[in-house]
Every structure is written in C-alpha cells, then in structure tokens.
Amino acid sequence: MYLKDYSFSDRLKSLRKSKKLTQVQISELIGVQQGTYSRWENGTLEPGLEYVVKLANLFETTTDYLLGQTPYSVIDSIPLEQIDISNIANFSKKEFDILKHSIAVEVTKNKIKSLKLKDSIIEKYDLSGKDKELLDTIFEEVKTYWEN
C-alpha cells in the first residue's frame, strides 16, 4: 500500500499501536487532552504544526510521513546517461529535480566523486557559460541536500 493510501489519522493510529502506547499516554507525552488526541486519530480534528512536530519526534518519524508527503527518495529516477543535459537551460523544475536525484543516485551507487562526475558531464556535453553555471548550481544543491 502506498503512502497516499493512508490518512493522517491512519498513520497516527498505526504509529501509536506500533509503540504499544495508549491515547492517554500519547496525550500526556505531548501535552494535549486525551479527547483532542482521540479526535486526531478518528479524523475529526487535525493538530497544529507544533503538535505534528511533537508527534513526529515522539514516533521517530518525519512530519512528511505524518502528513502524507512524498519523500525526496521516491522522485522518478532516470539513469544519468539517459538524460540529455545539452539542453539544461530549458529544463523544467521537474526535469531539474529528476536530474538532481539522478546525480545523487549516480554518486551514491557508483561511489564516484561528485567533482569527477560534474567534470565528465561538462566534457561530454561540452558545456560552457550559462549551462556550466546551471550544472554547478545543481551539484551544489545536491551536495547541500545530502549534507543536511
């Protein structure tokens, strides 16, 4: 079953049960009334951001998971060699995201240094000027993402 198939309340209830905790225990741990927490689990009320963060920390998960957001790791992955980077200046946001993900996968799977990979792409596509700057920016964003 996919992440989208579960509602916030379903994920919350499942996480609580996996920790073998009661609604009373959870409500005490995060500082809300049990009735409020119960309404979160039955889907008649949603918590504010402060409590979503507290719940994510308590259940050792992410707010993205609780809220049903798609994690970065499930972005379409296309092998880097299948992406035509010669037209990088005209990439859409989605194409940039796929390229970033493909670069990260390439570096991780093949244990290649990102600088070496970037240089090989520049050489392969004979990039210069704005195209080279765009590629530099993409590699910097990938590096920043993985460092955080």
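Guide: Two residues are in contact when they have heavy atoms within 4.5 Å of each other. With that in hand, Leu45 touches Thr36, Arg39 and Trp40, leaving aside residues up to four places away in sequence. Please keep in mind that this is a predicted model.

Visitor: Where does Leu45 lie?

Guide: Leu45 belongs to the loop between H3 and H4, and its relative accessible area is 29%, so it counts as partly exposed.

Visitor: And how far apart in space are Leu45 and Ser9?

Guide: From C-alpha to C-alpha, Leu45 and Ser9 are 9.1 Å apart, while in sequence they are 36 residues apart.

Visitor: Let me step back a bit. How many helices and strands does the protein have?

Guide: There are 8 helices and 0 strands, which along the sequence gives the pattern α-α-α-α-α-α-α-α.

Visitor: What percentage of the residues is buried?

Guide: Of the 148 residues in the protein, 31% are buried. As for the contacts, if you take those between residues at least 6 apart in sequence, 54% of them join residues at least 24 apart.

Visitor: OK, helix packing. At what angle do H1 and H3 cross?

Guide: Two packed helices are described by the angle between their axes and by the distance between those axes. For helix H1 (residues 8-18) and helix H3 (residues 34-41), the axes cross at roughly 120 degrees and come within 7 Å.

Visitor: Which residues meet there?

Guide: On the H1 side they are Phe8, Ser9, Leu12, Lys13 and Arg16, and they meet Tyr37, Trp40 and Glu41 in H3. Sorted by class, this contact of H1 with H3 has 4 nonpolar, 1 polar and 3 charged residues.

Visitor: What about H2 and H4, at what angle do they pack?

Guide: Helix H2 (residues 23-30) and H4 pack at about 115 degrees, their axes being 10 Å apart, and the crossing is right-handed. H2 contributes Ile26, Leu29 and Ile30 to the contact, and H4 contributes Tyr51, Lys54, Leu55 and Leu58. By class, that contact of H2 with H4 has 6 nonpolar residues, no polar ones and 1 charged residue.

Visitor: Back to Trp40 for a moment. Buried or exposed?

Guide: Trp40 is buried, because its relative accessible area is 3% and the cut-off for buried is under 20%.

Visitor: How many aromatic pairs are there?

Guide: The count comes to 3 aromatic pairs. In one of them, Trp40 and Tyr51 have ring centres 5.7 Å apart and ring planes at 45 degrees, so this pair is tilted. Trp40 is in helix H3 and Tyr51 is in helix H4 (residues 49-58), 11 residues apart, so the pair links distant parts of the chain. Ring pairs also join Tyr37, Trp40 and Tyr51 into a cluster.

Visitor: Now Arg11. Which ring does Arg11 lie over?

Guide: Arg11 lies over the face of Tyr65, at 5.9 Å from the ring centre. Arg11 is a residue of helix H1, and with 3% relative accessibility it counts as buried.

Visitor: How far apart are the C-alpha atoms of Arg11 and Leu67?

Guide: Those two C-alpha atoms are separated by 8.7 Å, although Arg11 and Leu67 are 56 residues apart along the chain.

Visitor: Where does Glu60 lie, and where is Asp126 found?

Guide: Glu60 lies in the loop between H4 and helix H5 (63-67), whereas Asp126 is in the loop between helix H7 (114-125) and helix H8 (129-147).

Visitor: And Glu60, buried or exposed?

Guide: Glu60 counts as exposed, at 67% relative accessibility. Asp126 is exposed too, with a relative accessible area of 67%.

Terms used: Residues are numbered from 1 along each chain as its sequence is written. This is a predicted model: local features need pLDDT of at least 70, side-chain atom pairs count only at pLDDT 80 or more; totals for chains, interfaces and linings use all residues. Side-chain values use heavy atoms; hydrogens and water are left out. Axes are lines fitted to C-alpha atoms, for helices over the stretch in contact, and angles run from 0 to 180 degrees between N-to-C directions. Helices (H or I, at least four residues) and strands (E, at least two) are DSSP runs, numbered from the N terminus. Ala, Val, Leu, Ile, Met, Phe, Trp, Tyr, Cys and Pro count as nonpolar, Asp, Glu, Lys and Arg as charged, and the others, Gly among them, as polar. Rings of Phe, Tyr and Trp (its six-membered ring) pair if their centres lie within 6.5 Å; planes under 30 degrees apart count as stacked, over 60 as edge-to-face and the rest as tilted. Buried means under 20% relative accessible area, exposed over 50%, partly exposed in between (1.4 Å probe, protein chains only). A charge sits over a ring if NZ of Lys or CZ of Arg is within 6 Å of the ring centre and within 35 degrees of the ring normal. A crossing is left-handed if the near helix is turned anticlockwise from the far one by less than a right angle, and right-handed if clockwise.
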